[in-house]
Amino acid sequence: MNQSHALKILKSGDNVFLTGSAGSGKTFLLNQFIDYLKSKKIKVGITASTGIAATHLNGRTIHSWCGMGIAKKMNKKQLKKILRKEELFERIRKASVLIIDEISMLDADRLDLVDKICKAVKNPFFPFGGIQIVLCGDFFQLPPVSKDSQFAFHAFSWKNSGFKVCYLDEQFRQDDANFLNVLNKIRANEAGEKEVNILKSRLYEPVAHAPILTKLYTHNINVDALNYFELSKISLEEKAYQVKENGQKELVDFLKKSFPAVQELKLKVGAVVMFIKNNFDAGYVNGTLGEVVAFDADGYPEVKTKNNETIIATPISWNFEEDEKVLASIRQVPLRLAWAITVHKSQGMSLDAAEIDLSKSFERGMGYVALSRVRTLNSIRLMGINEMALKVDETVVKMDREFKKLSKKNR
């Protein structure tokens, strides 16, 4: 269906799953719907499964919005504890609509937990407590990070909520028919030698219209190596920031494995950086990009963002809490270098041009996400590709056919 059909269904008050290929205008349509809700003074929770995706809607992560943090399940005691937070309780109580973008990266257990929290606040007899739920995303993109997780469409709350599927089939990002055909073949799990050869025509080729390229790699180790190489080319003074640790050693080790803070962060004026934690009061979220333009009197970096706002990046804590006590914490400046970023971090972005290395793709959907960030084949400098890069999940291919049928019926 097209955007006007989908907007009418969104306005009807039904629970909706809004989907479509990368570049089909899902986020644009969500923003239209959000503007409509605000004009009608309807309270809406605007969230996404990742910080980067949340920035596209001026929202926050679903984990933060409903207070579940990194939890997958909660017992009654844990639920009571989070609902004692007055601001959180009131936020959910007042919400008439809840939007969750990039649903492919939210697993079934966590969607069921959102349902449980909303029921505890609003009405236990209705799905999500009676809030209109709008899920948005494309399951061909990257799945939940945890290997033992199921897709959100396997959740009990999904099956119980009567979602109306709206499948957008117009294309606004890709305007290169040959390239679009390659992406569609990947989505159908039908990409073969012909499609590989089309992509390989961009191996090591320069991008004429973009001398500076965003670099996408599949592994953190490659991203880190390239970022520190770029940093070494700047001849200005380097400042280093060490992680400060506090609490039980095993819990500190757990935090260090689970959170993206760098043990020793090295920065210089001119470094391209990305914020790695949400701090709405300070004006940044996980995924905000910028450049270090100076260091303040205390030696902390001043970051100029893409929106031309300057933010001083002071240290922030990641905590492990139990029964309202902090048992362990790590504290660091919430930045990492960002000349190169991982494919995971690129999901939801639109890029003018990119240097992409898919030679070590290890997850279905990785190639599709990376390639679909750009408009045309000539906007890519390909550094390598493997067989996994062109694969997508068979369960998703099957569900996608079902989603298309349901969308036609709803139209």
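I began with helix α6 (residues 86–94), where I find Leu88, Arg91 and Ile92 buried, taking buried as under 20% relative accessible area, exposed as over 50% and partly exposed as in between, with a 1.4 Å probe and protein chains only. Seen down the axis of α6, the buried residues fall within an arc of 90°, so they line one face of the helix; the arc is that of the directions from the helix axis to the C-beta atoms. Their cover includes β3 (60–61), α4 (62–65), α5 (76–83) and α7 (108–121), where contact means heavy atoms within 4.5 Å. Helices (H or I, at least four residues) and strands (E, at least two) are DSSP runs numbered from the N terminus.

I note that this is a predicted model, in which local features need pLDDT of at least 70 and side-chain atom pairs count only at pLDDT 80 or more, while totals for chains, interfaces and linings use all residues. Residues are numbered from 1 along each chain as its sequence is written, and side-chain values use heavy atoms, with hydrogens and water left out.

Next I looked up strand β19 (residues 354–358), where five of the five residues are buried, so the strand is largely enclosed by the rest of the structure. Ala354, Ile356 and Leu358 point one way from β19, and Glu355 and Asp357 the other way. Strand β7 (residues 214–217) runs parallel to β19 and is joined to it by four bridges, with Lys215 opposite Glu355; two strands pair if DSSP finds at least two bridges between them. Five bridges join β19 to the parallel strand β20 (residues 380–385), and there Gly384 is the bridge partner of Asp357. From β19 the chain crosses through helix α14 (residues 366–371) to β20 in a right-handed β-α-β crossover, that is, clockwise from the first strand over the helix to the second with the strands pointing away from the viewer.

Finally I turned to the rings and found 15 aromatic pairs, counting rings of Phe, Tyr and Trp (its six-membered ring) with centres within 6.5 Å, and calling planes under 30 degrees apart stacked, over 60 edge-to-face and the rest tilted. One of them, Phe139 with Phe151, is edge-to-face at 5.8 Å centre to centre and 85° between the planes. Phe139 counts as buried at 5% relative accessibility, as does Phe151 at 10%. Ring pairs link Phe17, Phe139, Phe151, Phe153, Trp158, Phe163 and Phe403 into a cluster.
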